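Me: Please take a close look at one part of this model, the interface between the two chains. Then set it in the context of each chain.

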Amino acid sequence: MAGRVLGSCVDATPYTGSNQCAKGESLTTALLFHNPLSSYPLDAATFITDLPAKVYTTGIDRIYPVKNILALDLTGGDTNTSDAGSGYTSPTNKAQVIATYTLENDDCLYKELVKMQGISWRVFRVDQDGYIYGTVTGTGANQAFRGFQCKVAVRRVQATGTDQAFLYLEIYYSAQYEAELKNLHGFNLGEENIPDGLVAVVVDGGQVVGECSGVDYTTIYGPEWTAAMFISSTGTPPDSVTYDDATGLLTFDPTGTYRVADAAVLGPLGITGITGVPLTT
Amino acid sequence: MKIFFSNKSYIDISDEVIKSSTKKAFIKKMLPKIARYYRDEKEAEEDLIKVWSAFHKEPIEN
């Protein structure tokens, strides 16, 4: 006999003991999306330290948190089988896992989430114990912490006479999901360390307001505004910005059309959670 | 650099403006913008001198 077909049981040694203080993933309270090309440190302390800046950084390393999750409905994941032809079936693979998250109804959030459709993402899950879950990719020194590969769909369901309106965020995990779970990685992120996503803001009538909601952010960040946080239509910051506490309004010098700078500028200057968007006029 | 007025209002002046202005030009440019927040214009001028002098690391003249 010549030739061999080598076995592939190298990784097939299951260690089936019960773990002390076992942790199982509980209900998801936050999702952290990121570009499929980006990766993050495996070390928990480093990840936690870096995380706030990742929300406002520019480029592919930016993380997009989604919170306000009310419920989760899981479908798929069933074992597919094939008929062996003699009255037996054997497991072949798993059906695609689809997670449907119910979010607090927010039309402005809906308008942002639909931008995520049709794009590949990776997503970290954070459970109600504050643990973050993702997967490990690479080997040796190239090992990195990354979210699960997925695609996203968003559904906005209007209120009816009997049911209130909801926003549904569907996550379609990839065919690699089981392999990713095999390399599952998680640690205690801490509830207090889960960042909020960014809200787009514009300057309107001397106020910084939510681009969609119109909510006034001027007074929320009252003492924090600086001239460097604004950009004129010609791309330069104002010479000065004055905040009048009595009116809650900002005045720019020279007068003109201004926008709020990007989150990457605001964050290091002390304002997080919002980002300016380019002028459209 | 920021100058806080008495009622939680303030002005933030870009470093570039302070850096590129003489003390006299700086006061002339900024005084009209902040004078209304002071009871006495002289106090406003003194605050501007403090900011300009701090930035240029120049002793404040009495």
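Reply: The interface comes first, then the chains on either side of it.

This is a predicted model, so local features are given only at pLDDT of at least 70 and side-chain atom pairs only at pLDDT 80 or more, while totals for chains, interfaces and linings use all residues. Residues are numbered from 1 along each chain as its sequence is written, chains are lettered from A and ligands numbered from 1 in the order in which they are written, and side-chain values use heavy atoms, with hydrogens and water left out.

Start with the extent of the interface. On chain A, 16 residues are in contact with 17 residues of chain B; contact means heavy atoms within 4.5 Å. The size of an interface is often given as the accessible area lost when the parts come together. Here chain A and chain B bury about 1,200 Å² between them. Carbon and sulfur atoms account for 43% of that area. Buried area is the accessible area (1.4 Å probe) that two parts lose on being put together, summed over both.

Now the polar side. There are 12 residue pairs in polar contact between chain A and chain B, both residues at pLDDT 80 or more. A polar contact is a pair of N or O atoms within 3.5 Å; within protein, one must be able to donate a hydrogen and the other to accept it, and residues adjacent in sequence count only if both atoms are side-chain atoms. The rule also finds four salt bridges across the interface. A salt bridge needs a side-chain nitrogen of Lys or Arg within 4 Å of a carboxyl oxygen of Asp or Glu. One salt bridge links Lys33(B) to Asp253(A), with the closest N and O atoms 3.3 Å apart.

Which element gives the largest share of the side of chain A that touches chain B? Strand S16 (residues 240-244) of chain A does, with five residues. Helices (H or I, at least four residues) and strands (E, at least two) are DSSP runs, numbered from the N terminus. That side of chain A divides into seven nonpolar, four polar and five charged residues. In this scheme Ala, Val, Leu, Ile, Met, Phe, Trp, Tyr, Cys and Pro count as nonpolar, Asp, Glu, Lys and Arg as charged, and the others, Gly among them, as polar.

Two strands pair if DSSP finds at least two bridges between them. Within this pairing, Val241(A) has Asp12(B) as its bridge partner.

Go back to Asp253(A), the salt-bridge partner of Lys33(B). A cis peptide bond joins Asp253(A) to Pro254(A), with omega about 0 degrees. Pro254(A) lies in the loop between strand S17 (249-253) and strand S18 (258-260) of chain A. Another backbone feature is at Cys21(A), which has a positive phi of about 55 degrees although it is not a glycine. Cys21(A) sits in the segment before strand S1 (28-34) of chain A. Most residues other than glycine have a negative phi, and most peptide bonds are trans.

Next, the chains themselves. Chain A has four helices and 19 strands. Its radius of gyration is 24 Å, well over the 19 Å that the globule rule gives for 281 residues, so chain A is more spread out than a compact globule. The radius is taken over C-alpha atoms, and the rule is 2.2 Å times the number of residues to the power 0.38. Along the principal axes, the C-alpha atoms of chain A fill a box of roughly 90 × 55 × 40 Å.

Chain B has three helices and two strands, in the order β-β-α-α-α from the N terminus. Its radius of gyration, 11 Å, agrees with the value near 11 Å for a compact globule of 62 residues. The C-alpha box of chain B is roughly 25 × 25 × 15 Å along the principal axes.
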